[in-house]
Amino acid sequence: MKRVINHLAAALVALAAVACSSAEKMAQMSENVIVECNPAVLEAVAGNIDASLTVTYPEGYFHPKAILAVTPVIVYEGGEQAASTLMYQGEKVKDNYKVVAKDGGVVTEKIHFTYVPGMEKAHLELRGVASYKTKSVNLPVKKVADGVNTTYMLVKQSGNISYKADNYQDIIAQTAEGQILYTINSSDVRSSELRGQSIKDFQAALDEINANERKTLKGTEIVAYASPDGGEELNDKLSDKRAGSAEKAWNKVVKGHEASAPEVKSIGQDWDGFKELVSNSDIQDKDLILRVLSMYSDPAVRENEIKNMSQIYTELKGEVLPELRRARLIANVEYQNYTAEELTKLLDENIDVLDEEALLRAASLVSLDKKEPVYKKAVSKYNSDRAQFNLVVLYLQQNKLDLAESALAKVSAKDADYQNAKGVIALRKGNLAEAANCFNASNTDDAKANMGIVDILSGNYSKAAEELKDAKGCCHNTVLAYILTGQLDKAAAAAQCQDAPVQYLKAIIAARQGKTADAKSYLEKASKSEKFAKRAVKDIEFAGLSL
């Protein structure tokens, strides 16, 4: 009996020795395990850090009855984050883990982490525990990757949004006009016409033009017509005669009133004037007349069809046709509107004289802190929807997101600009899905550039590069998109801005191209900004620059 017990004790000691040796042997041999991480430098994409591990176990490493637990861990300044533990087993273990043969083998695993600030200066390590029965041994920690690259986070997320344009005219084309009326089939200028109110008004307008320093007379015209009753050939000749008689009367009209020599034109039958007068008249069947004008283009057919409507034609003879037997005397004038200096001065001294367009232009001339009251004046006085929208843009530029959202709710025109503004607000709130919907609905140049921002933040770098290639304004995001897609030559060509953010991107381009001296030079310029000076020290992009 004693002999049996001694044999049993010896067997237990032997088993214990095997157990110890199997786990510890795996720990001792761990340096022979080859681990490759792709990418070798971890990269954050859309807030996630994903990589693949390829592990090569040598022959004789994995004990048939052992279990190996491997935990990938990112260690960074301020903490660490573990991925899901990877479990492996030897060939004789009856469990559901991934099997590694005693003869060795290769396993590939996907690992995932969530980015947190501080991971810029970090490394990935594997922590393993080998177990055999009740014995567990910690394997030496194995460092497998550096990181994390967060270059995509350099994207400018404010979004592109443009003010609604004004229709302010620096030079306004104006006309002053008088006219001479003729009797039917006559080209004689009656003296009563030259004494009439129309000519008196024209003469007064000429005097006012010459006295007004903002007005410049650019030329004068005489335009003669015939009413569209009677043959076309007859009326063309009559119109020519009226042009001649009006030109002779011109000198009497402008005597004592400064005016240039007129350009004389003869139009013939005045169908355009006829249509305008009928449209503005109270003739009961005017819609029928206008329909005839739209149906027929031949003057003779038009005249015949209208004359067939005998009652209507009687009204036309009395109310419309006499007004078309005329010669128009026209002065073409350029009016010099308020200059930029005058507009800004009027904002302080007499804002009420400015119309909607002048207010919108004036607002574009002043600094951000002075725009708001000008836009509010245009909204209150003229119910200007453009000014209301421009308040949205202003608040976004001032980073007053709540005010921008409230102002946008009062915009009436739900147009492409509105959709883009709605998308910018969603973008700044971090709602990428809503922002994308709005930008796609807008499809303006601004919206396309903003969609590029969404795609960078979502990890769709190739799509972003396509959307940003023609973006106007700041080149920053375009350069970044090219960097993220590895198009370094295009990135360098696009980097035309001279601000610190673009200088930093240029440093990244140079570092990736192996141009160390250039990279340091650009970094020196970028580091005038404290933000970039601090980032550069931890940025894995510059790990080889010895900063």
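Asparagine 337 counts as buried, because its relative accessibility is 10%; buried means under 20% relative accessible area, exposed over 50%, and partly exposed in between, with a 1.4 Å probe and protein chains only. This is a predicted model, in which local features need pLDDT of at least 70 and side-chain atom pairs count only at pLDDT 80 or more, while totals for chains, interfaces and linings use all residues. Residues are numbered from 1 along each chain as its sequence is written, and side-chain values use heavy atoms, with hydrogens and water left out.

Back to asparagine 337. The loop between β15 and α9 (340-349) holds this residue. Helices (H or I, at least four residues) and strands (E, at least two) are DSSP runs, numbered from the N terminus. What does asparagine 337 touch, not counting residues up to four places away in sequence? The list is Tyr168, Gln169, Asp170, Ile172, Arg214 and Glu342, where contact means heavy atoms within 4.5 Å. A polar atom of the asparagine 337 side chain lies 2.9 Å from the backbone oxygen of glutamine 169.

Next, the sheet that contains β15. Four strands form an open sheet with mixed pairing, in the order β12-β15-β13-β14; two strands pair if DSSP finds at least two bridges between them. At the edges are β12 (171-181) and β14 (262-269), each pairing on one side only. From one strand to the next, the twist averages 25 degrees. Helix α3 (residues 197-211) packs on this sheet and touches β12, β13 and β15. The direction of α3 makes about 150 degrees with that of β12; axes are lines fitted to C-alpha atoms, for helices over the stretch in contact, and angles run from 0 to 180 degrees between N-to-C directions.

Inside the sheet, β13 (residues 215-226) and β15 (residues 326-336) run antiparallel and are joined by nine bridges. Leucine 217 has valine 333 in β15 as its bridge partner.

Helix α3 also contains glutamine 203. Buried or exposed, at 17% relative accessibility? Glutamine 203 counts as buried. Leaving aside neighbours within four places in sequence, glutamine 203 is in contact with Lys252, Val253 and His257.

Now strand β9 (residues 122-132). Eight of its 11 residues are buried, so the strand is mostly covered. Strand β4 (residues 67-76) runs antiparallel to β9, with 10 bridges joining them, and threonine 71 stands opposite arginine 127 in β9. Five bridges pair β9 with strand β11 (residues 142-149), also in the antiparallel sense; here leucine 124 stands opposite alanine 145. With strand β10 (residues 135-138), β9 pairs in the antiparallel sense over four bridges. The hairpin of β9 and β10 has two residues between the strands, and lysine 133 takes a positive phi near 55 degrees there.

Which residues touch the most other members of the largest nonpolar core? Of its 115 residues, they are Tyr57, Ile74, Leu124 and Ile456. A nonpolar core is a set of buried Ala, Val, Leu, Ile, Met, Phe, Trp, Tyr and Cys residues joined through side-chain atoms within 4.5 Å. Helix α12 (residues 385-397) gives the most to this core, with eight residues. A second, separate core has 20 residues, among them Tyr182, Ala246, Leu329 and Ala331.

Last, helix α5 (residues 271-279). Its buried residues are Trp271, Gly273, Phe274 and Val278. Seen down the helix axis, they fall within an arc of 155 degrees, so they line one face of α5; the arc is that of the directions from the helix axis to the C-beta atoms. On the other side of α5, Asp272 and Glu276 are exposed.

Methods:
A polar contact is a pair of N or O atoms within 3.5 Å; within protein, one must be able to donate a hydrogen and the other to accept it, and residues adjacent in sequence count only if both atoms are side-chain atoms.
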